[in-house]
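Q: Can we go through this model together? I'd like to start with the backbone and then move on to the packing.

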Amino acid sequence: MFARTLLFLPFVCGLFTKHDHTQVTKPTNIAEFKDEIKEKELAVVMYGAVKCQHSNHLEHVINELSLHYNSTTATFVSLDCSKEGLTAYCREQHIRKLPTLKFIYLGVYLKTEYRGERRLAAIKEFIDELIDHDIPILEDIAALEKIRIDQNHRCVMGFFKSTDSPEYRNFKKVSGVFHKQCYFYAFINEVQQVPLIAVRDFALGDEVYVGKLDVVPIHSWIRDNCRPLVTEMTFENAEEIVEPNLPLLILYRNGTDKEVVNRFTQAVNTEIRDLLYREILAVHVDGNMFKHALRIAKKTAESMPVIQIDTFKFFKTMDSFEDLNQTGSLRKFVQKSLEKSQEIDEAANRNSIFQRLKPSKSRYSFSFTGHDEL
């Protein structure tokens, strides 16, 4: 874990400190911040620091961006994490680097931060997809089965009597938050007397939502069910995956070997599901893209599929992929590796390729003062 926590940049379109040419507000304490974001459909929050050059650059972009939105529904806020009245809150939000750009949508903090290009057009596209995302409407399940879908992603299905129903509107709102993690489809039928939401995992089957069809409970349930058991990791999403500093259980596959991924996913679901997102993350990578990591593990392309655990302190490779056929072997491998990692005093393993994919100083500062500590 980082000993130093980072700051976030501007957040909401409010007027605690108003300038002639900006709608961005700069609250000086938590009370002002909460007052600014209440009853807003969308709050764009930048955690940053005055002395952080990366934060200052992004704040200029956020200033321009705020002018494209109605201040009655959206607000943009810049939080200076170096200020005494905000430092504790930034730590509570687990801010590790500055600037960090996050969103509060429909009163709910989105777990995923914005990691794309720091250009106005790119951030605006991200926001527009969030607040104005269309859901494909299908006649029946048979129509869904005819659509070519990447089966590594789950489908969230909503069954409603009408698109005018409050349940459908809540479903549509929440879909904007998770549309990049799951596919969303709506089935509209006048005979559908009771609204229904379900998630389909192509490897594990369907699960039906049981609860109130309000925004907050729907959001919580879909958030938990849109998190894949095993995530595909590429160089594009690696920063987001490795930043939490959780050990990685890695499957090196050869190209698009879906059968291998499905077997791995089944084993993860059966044996270590209770450890996921708390003690470990499970990912699969194309070993042809991560050849260097394979070489360090003394493996080649011909060795795949390969299962490895990388705790960032040390890494260990499972003897054979076929060991998954032995009940309990994966859990035993993971638990022994985690125990070994706790015994190691070293802060990091320099041989870990994935350690090097964490957030870079070329984009972030790693202290609340806005200056990196050496």
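Q: Where does K298 lie?
A: K298 lies in the loop between α10 and β14. Helices (H or I, at least four residues) and strands (E, at least two) are DSSP runs, numbered from the N terminus. This is a predicted model, in which local features need pLDDT of at least 70 and side-chain atom pairs count only at pLDDT 80 or more, while totals for chains, interfaces and linings use all residues. Residues are numbered from 1 along each chain as its sequence is written, and side-chain values use heavy atoms, with hydrogens and water left out.

Q: What is phi of K298?
A: Phi of K298 is near 60°, a positive value in a residue other than glycine.

Q: Is K298 buried or exposed?
A: K298 is exposed, with a relative accessible area of 77%. Buried means under 20% relative accessible area, exposed over 50%, and partly exposed in between (1.4 Å probe, protein chains only).

Q: What about E39, what is its phi?
A: E39 is not a glycine, yet its phi is positive, about 65°. E39 sits in the loop between α1 (30-37) and β2. Its relative accessibility is 79%, so E39 counts as exposed.

Q: Changing topic. Why is β3 largely enclosed?
A: Seven of the seven residues of β3 (residues 74-80) are buried, so the strand is largely enclosed by the rest of the structure. A74, F76, S78 and D80 point one way from β3, while T75, V77 and L79 point the other way.

Q: What is the relative accessibility of F76?
A: F76 has 0% relative accessibility, so it counts as buried. The C-alpha atoms of F76 and I62 are separated by 7.5 Å, and the two residues are 14 apart along the chain.

Q: In which sense do β2 and β3 pair?
A: β2 (residues 42-48) and β3 pair in the parallel sense over seven bridges. Two strands pair if DSSP finds at least two bridges between them. Y47 stands opposite L79 in β3. The chain goes from β2 through helix α2 (residues 53-66) to β3, and this β-α-β crossover is right-handed, meaning that the path from the first strand over the helix to the second runs clockwise with the strands pointing away from the viewer.

Q: Now α11. Which of its residues are buried?
A: In α11 (residues 329-342), the buried residues are S329, L330, F333, V334, S337, L338 and S341. They cover an arc of only 160° around the axis (taken from the directions from the helix axis to the C-beta atoms), which puts them on the same side of α11.

Q: What do they pack against?
A: The buried residues of α11 pack against β12 (248-253), α9 (258-271), β14 (306-310) and β15 (315-317).

Q: And which exposed residues are on the face turned away?
A: That face of α11 carries the exposed residues K332, K336 and Q342.

Q: What order do the strands have in the open sheet of five?
A: The order is β11-β13-β12-β14-β15, with mixed pairing. β11 (231-232) and β15 are the edge strands, each pairing on one side only. β12 and β14 run antiparallel and are joined by five bridges, and L251 stands opposite I307 in β14.

Definitions and conventions. Expected span 1.5 Å × (residues − 1). Contact = heavy atoms within 4.5 Å.
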